[in-house]
2 protein chains.
Amino acid sequence: MRGRDWRLHPEAMTLPNRDSVSAAHRLIEADIRRTPVMTLPGLGALKLEHTQLSGSFKARGAFHRLRAAGAGAAGVIAASGGNHGAAVAAAAQSLGIAAEIFVPAISAPAKQALIRSFGARLVVGGAAYDEAREAAERRAAETGALMVHAYDQAEVISGQGTVAREWEEQSPELTHLLVAVGGGGLIGGFAAWHAESGPALVAVEPEGCPTLAHALQAGRPVPAPVGGVAADSLGARQVGELMFPLAARLHAAGRLQSILVPDEAIRDAQCRLWADARLVVEPGGGVALAALLSGRWTPSAGARPGILLCGGNTDPGSVAA
Amino acid sequence: MRGRDWRLHPEAMTLPNRDSVSAAHRLIEADIRRTPVMTLPGLGALKLEHTQLSGSFKARGAFHRLRAAGAGAAGVIAASGGNHGAAVAAAAQSLGIAAEIFVPAISAPAKQALIRSFGARLVVGGAAYDEAREAAERRAAETGALMVHAYDQAEVISGQGTVAREWEEQSPELTHLLVAVGGGGLIGGFAAWHAESGPALVAVEPEGCPTLAHALQAGRPVPAPVGGVAADSLGARQVGELMFPLAARLHAAGRLQSILVPDEAIRDAQCRLWADARLVVEPGGGVALAALLSGRWTPSAGARPGILLCGGNTDPGSVAA
């Protein structure tokens, strides 16, 4: 039993677009942080989204889903042992709504503690993510709680798109935006906001989790391997059904590139950010920069790249060289 | 033998002021980073100066001293086992000038490595800071290298003042600026820039290093104890001769308050910044926030405080709760 099909939700029938991102911005503007941008010579403009509430961009999608769907007395539910679970817990706490977060037994104790720190009820069960998700879906069917999907939900994608909107306001000069991809909610939000014009998107994935690369090759979301140092935040089995048409369209138009980076480059990016700028990001948060540092993506003459640091939920001691 | 008296340097005869800070800004604008500001609800506007080149605001004063004094083939010298040494090394490397940094044997191996990472020649000698400084002064007299003082030099203070100038541009709405004090070069720069009008200054020191508090009480710079968790960056024996009249004048006018904070509050501030915003600061970098968190300084109704995070040169693992 795989539970409900998210694609059949009424709110998922319209693809996220510039209007839905603008609407999301208005709904969550007071909830989320406007994260700063700083320029590092030789690298580009870094957007410090890892300083967002809950330690990652995921708070944007979580707040938007909760506000747009009018989460109420029945509370909210999510399945995630990582950034999404923390974001839903943080958003629910901020809005005074009860949250239950289902995590598999393998999820890291530190992430479990983070989720609990936001006042959520943590339910540990099942060996892997799929079992936790199924348990969450069963529970939601019983209680009527609002389910928040980690990436394949229109309100979530439009919420993540508010990063792109905010960054455009802060750095209108950028020609290329480097963004990490897991399940695709974040790059989907970027593709929604920049659908018609704007900077080119560089979608960066670890070689160990090539969900978008495989999907673009296959012409549809397909299962991909899950592994490597960034699997805890980027290790979705396949990209979402909702983000795929948005990304595929930009890819066909030559406005979205798919890039893979090795784990060593991800670690290098984490260490470089600490050494050069005293910034701490998790492996998934270093993936975008890794594309530049490894030479897997090279800026053309005149390019002005922006690099999204999307998450910082890691042991801070892990970034010292 | 205490070497040269810095106060007799021609460039030190005029107290730093708004004009000298503006001039410093023009000289070093291309060298230093414009560090970002972010707002944390319930706390205020944080200026992330710990992301500055070399990991602290000290790069500003170092670049300005080197540029203004026209450091050349004879190179530069500084005595410091910490942030100042790293800043002078970084500035010298960036300008293609040889640097010798004298550090006492007790200085932390990690700080020594940081100084070396910027290509400086590290000279380890003497049991304490004063001996390293005397050795540096003897060496400078032999080689003709330009000496960069850690705080009591007009060009250094005017350089540090560029943080205040930059922040005013970024956050003109702030009513109070909370700034950590060690030897007083940084708060001296703020006092120079905001001498006539602008936000009130809250000068925050650890209880273990109360140099400005003691000086204001005595009416002149006097020796103070050096101890506690932030001594490695704020542990000057007394505030500088140049900064004191600037600070004393604002203090007399009710526009500068002196606040002391306990070590526990400094540690709390470090942990809070990591937990809430994935920011890593060294103990000295958490001192300003500690004033607010500990209640030693309480914003009046309508106050809009700004908090300077001035340094991040620490073991990143030390900030986890």
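## Ser233 of chain B

Ser233(B) touches Asn83(B), Glu282(B) and Gly284(B), leaving out residues up to four places away in sequence. This is a predicted model. Ser233(B) sits in helix 9 of chain B, residues 231-234. Its relative accessibility is 23%, so Ser233(B) counts as partly exposed. Arg33(B) is 200 residues away along the chain, and the two C-alpha atoms are separated by 21 Å.

## Two loop residues of chain B

Ser80(B) belongs to the loop between strand 3 (76-79) and helix 3 (83-95) of chain B. Is Ser80(B) buried or exposed? It is buried, with a relative accessible area of 8%. Setting aside neighbours within four places in sequence, Ser80(B) is in contact with Gly85(B), Ile101(B), Phe102(B), Val103(B), Ile115(B) and Tyr129(B). For Gly85(B) there is also a polar distance to quote: its backbone nitrogen lies 3.0 Å from a polar atom of the Ser80(B) side chain.

Gly119(B) is in another loop, the one between helix 4 (109-117) and strand 5 (121-124) of chain B. Gly119(B) is exposed, at a relative accessible area of 58%. Ile97(B) is 22 residues from Gly119(B) in sequence. In space, their C-alpha atoms are 10.0 Å apart.

## The contact between chains A and B

Chain A puts 24 residues into the contact, and chain B puts in 24 residues. The area buried between the two chains is about 1800 Å². Carbon and sulfur atoms give 64% of that area. Which three residues of chain A supply more of its buried area than any other three? They are Arg33(A), Arg278(A) and Pro316(A), which supply 34% of the area that chain A buries against chain B.

Strand 1 (37-40) and helix 11 (263-277) of chain A each supply at least two residues of the side that touches chain B. By class, that side of chain A has 14 nonpolar, seven polar and three charged residues. Between chain A and chain B the count of salt bridges is zero. The count of residue pairs in polar contact between these chains is six, with both residues at pLDDT 80 or more.

## Salt bridges in chain A

Over all chains, the structure holds 32 salt bridges. One of them pairs Arg67(A) with Asp31(A), with the closest N and O atoms 2.6 Å apart. The pair links distant parts of the chain, 36 residues apart. Arg67(A) is in helix 2 (residues 58-68), while Asp31(A) is in the loop between helix 1 (18-28) and strand 1. Arg67(A) is partly exposed, with a relative accessible area of 37%. Asp31(A) is buried, at 16%.

Glu166(A) forms a salt bridge with Lys47(A), and here the closest N and O atoms are 2.6 Å apart. The partners are 119 residues apart: Glu166(A) in helix 6 (residues 154-170), Lys47(A) in strand 2 (residues 44-47). Glu166(A) is buried, with a relative accessible area of 6%. Lys47(A) counts as buried at 0% relative accessibility. Asp232(A) and Lys111(A) meet through their side chains in a further salt bridge, 2.9 Å from N to O. Asp232(A) lies in helix 9 (residues 231-234) and Lys111(A) in helix 4 (residues 109-117), so the pair ties together parts 121 residues apart in sequence. Asp232(A) is partly exposed at 45% relative accessible area, whereas Lys111(A) is buried at 9%. Salt bridges that share partners also build a network: Lys47(A), Glu49(A), Arg60(A) and Glu166(A) are joined into one.

## Cysteines

How many disulfides are there over all chains? The count is zero. A disulfide is a covalent bond between the sulfur atoms of two cysteines. The cut-off for a disulfide is sulfur atoms within 2.5 Å. Cys271(A) is partly exposed, with a relative accessible area of 23%.

In chain B, Cys209(B) is in no disulfide. Its nearest cysteine sulfur is that of Cys310(B), 12 Å away. Cys209(B) is buried, with a relative accessible area of 0%.

Terms used: Residues are numbered from 1 along each chain as its sequence is written. Chains are lettered from A and ligands numbered from 1 in the order in which they are written. This is a predicted model: local features need pLDDT of at least 70, side-chain atom pairs count only at pLDDT 80 or more; totals for chains, interfaces and linings use all residues. Side-chain values use heavy atoms; hydrogens and water are left out. Buried means under 20% relative accessible area, exposed over 50%, partly exposed in between (1.4 Å probe, protein chains only). Contact means heavy atoms within 4.5 Å. Buried area is the accessible area (1.4 Å probe) that two parts lose on being put together, summed over both. A salt bridge is a side-chain nitrogen of Lys or Arg within 4 Å of a carboxyl oxygen of Asp or Glu. A polar contact is a pair of N or O atoms within 3.5 Å; within protein, one must be able to donate a hydrogen and the other to accept it, and residues adjacent in sequence count only if both atoms are side-chain atoms. Helices (H or I, at least four residues) and strands (E, at least two) are DSSP runs, numbered from the N terminus. Ala, Val, Leu, Ile, Met, Phe, Trp, Tyr, Cys and Pro count as nonpolar, Asp, Glu, Lys and Arg as charged, and the others, Gly among them, as polar.
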